[in-house]
Amino acid sequence: MRNLLSTLALCMALLLPSALSAVTYYVSPTGSDTNTGTSSTAPWKTITRVNQIGTALNPGDQILFQRGGVYRGKVTIPDNGVAGNPMVLGAYGTGAAPIISGSVAATGWTVHSGNIWKAPVSSKVKYVYVNGAMQTLARYPNTGWLRTDVAASTSIVDAALTQGSGYFTGARAVIRTTNWSYDTARVSAHTGTTLTHTSTGNSMGAQQWGYFLCNKLSLLDAPGEWYWEAGQLYLWCPNNANPSSVLVEAAVQDFGVYFGWQRNNWRVENIAMKHQIEASLRLSGTYNLEVAYCTMSDTYQAIMSTGNDESFHHLTIARTYGTGVYLQDSNSSFTFSTLDDIALIPGLGENNWGYFGIRSVGSNMTYADNRLTNIGYIGMVVEQNTLVERNVVREALATLNDGGGIAIDNADGLIIRKNVVMDMVGNIESIAPEHTSNFPICHGIYFGNISIKNTTVDGNTVANCASSGIHVDHTMTSSGNQVKNNVLYNNGSQLSISDFSNYNGVG
């Protein structure tokens, strides 16, 4: 018997080497990259040192950042765990979650001209923050909108432009080209009252659509504005302050945590990410990942993922500039999370199709028990055979118009049930007054115009939507759909069915 037990113990040791040899690495603002990093009393200091681990990680290993610290840079995940024994990226200690920041602190300020200061920042800057508050990229006018007299896809004519030829050449134009889109274009020439720019693909004709011009040093003329060019950051600090007396952060890093191709079996938890210029969390072809109890804020996108079999839950996402969460996943779930103040700034989100809370294009996806509030365009855009249940979507269409709280298309077997959708906004501030649809177009649940089959919309509550509680835009390819047991009240119409988009079908 003693020999048998010894043999079993040896076999277990051989089967579980990763569990026995798992190492925890510690990172702290008070650490040193010359430390061993393998104890909380001898931690590393920087993300750069963490990334030097490379493929030396083993299943079960952990990388823990001390709470209360700010760590600037991008964590690049180099290796894989195994099923049942994932690697962990997380936190230790007490206090606020550790912050992985995509910004650098700008220092070395000198006066450029008047109240405008400059400091060297070598990488291209996308966003600037002063003591945590986002600043405005230099623009004209400083607030509000210019209006087009005539607009084609590559030009604007506006009699209100009196600055003289060439003044706006090189600037960026942010143009409301449709109900549902802001386009950005580079001004290649300015002659009199005409701006020539790169194509937006939209011609608005002789209507007064809203636009503004930005991203040129000559437009920096007010407190809170900034500009970057050729390694120099220019800033007019709020309250005419000396920027050396405040914390100025310039966002330059693409991702906060980056998982490369086919990385798998990881858990990311209790981490905060901010100031990334592409996505706080980027997952590229990953699988078997869990992301939980993380915060992502003041970033272009919170999550961009192309993977499968992933679990995202208990996340707090706020103040993204583009779509909050974009999952091109299959067989993944996104649950028990909150998204607030998503894609609210014109010109900072996607061109033509974006500003969403959540966008999902994969199959066998689940979105459940989430709360979305104050979303630039559509709250949730889902496809295929996704399950959407027990979510609350409020105050979508806060930046754009003509959409819904939950919108579906390219669907077959999709289920939307027991959700609450209410208080859609429908932003028309920069739409041409003469436009035929210059009024809020807000649906609660919105059937798209391509193909929706075998889809069930059941037991939802929809209220306070200017257009319809549920709008079914039917095409000849639609079949097998059911809309039942929903509570619809105080909408423009409770249920509407149309065939406006039938030209996309075979009929």
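**Cavity lining**

I listed the residues that line the largest cavity and found Val50, Asn51, Ile53, Leu57, Ile63, Val75, Thr76, Ile77 and Pro78. I worked on a predicted model, in which local features need pLDDT of at least 70, side-chain atom pairs count only at pLDDT 80 or more, and totals for chains, interfaces and linings use all residues. Residues are numbered from 1 along each chain as its sequence is written, and side-chain values use heavy atoms, with hydrogens and water left out.

For the search I took a cavity as a set of points, on a 1 Å grid over the protein atoms alone, where a 1.4 Å probe fits but cannot get out, and lining residues as those with an atom within 4 Å of a point. The whole structure gave 1 cavity of 30 Å³ or more, and the largest has a volume of about 40 Å³, a volume being the space filled by probe spheres set on points joined across faces, edges and corners.

I then sorted the lining by element, with helices (H or I, at least four residues) and strands (E, at least two) taken as DSSP runs numbered from the N terminus. Helix H3 (47–51) and strand S4 (75–77) each supply at least two lining residues, and S4 gives the most, with 3 residues.

**Asp499**

I next looked up Asp499, which is found in the segment after strand S51 (493–498). Asp499 is exposed, at a relative accessible area of 51%, where exposed means over 50% (1.4 Å probe, protein chains only). Leaving aside neighbours within four places in sequence, Asp499 is in contact (heavy atoms within 4.5 Å) with Asp473 and His474.

Technical notes:
1 Å grid on protein atoms, 1.4 Å probe; cavity = no way out; pocket = protein on both sides within 12 Å on 5 of 7 lines; lining within 4 Å. Buried < 20%, exposed > 50% of the residue type's maximum accessible area, 1.4 Å probe, protein only.
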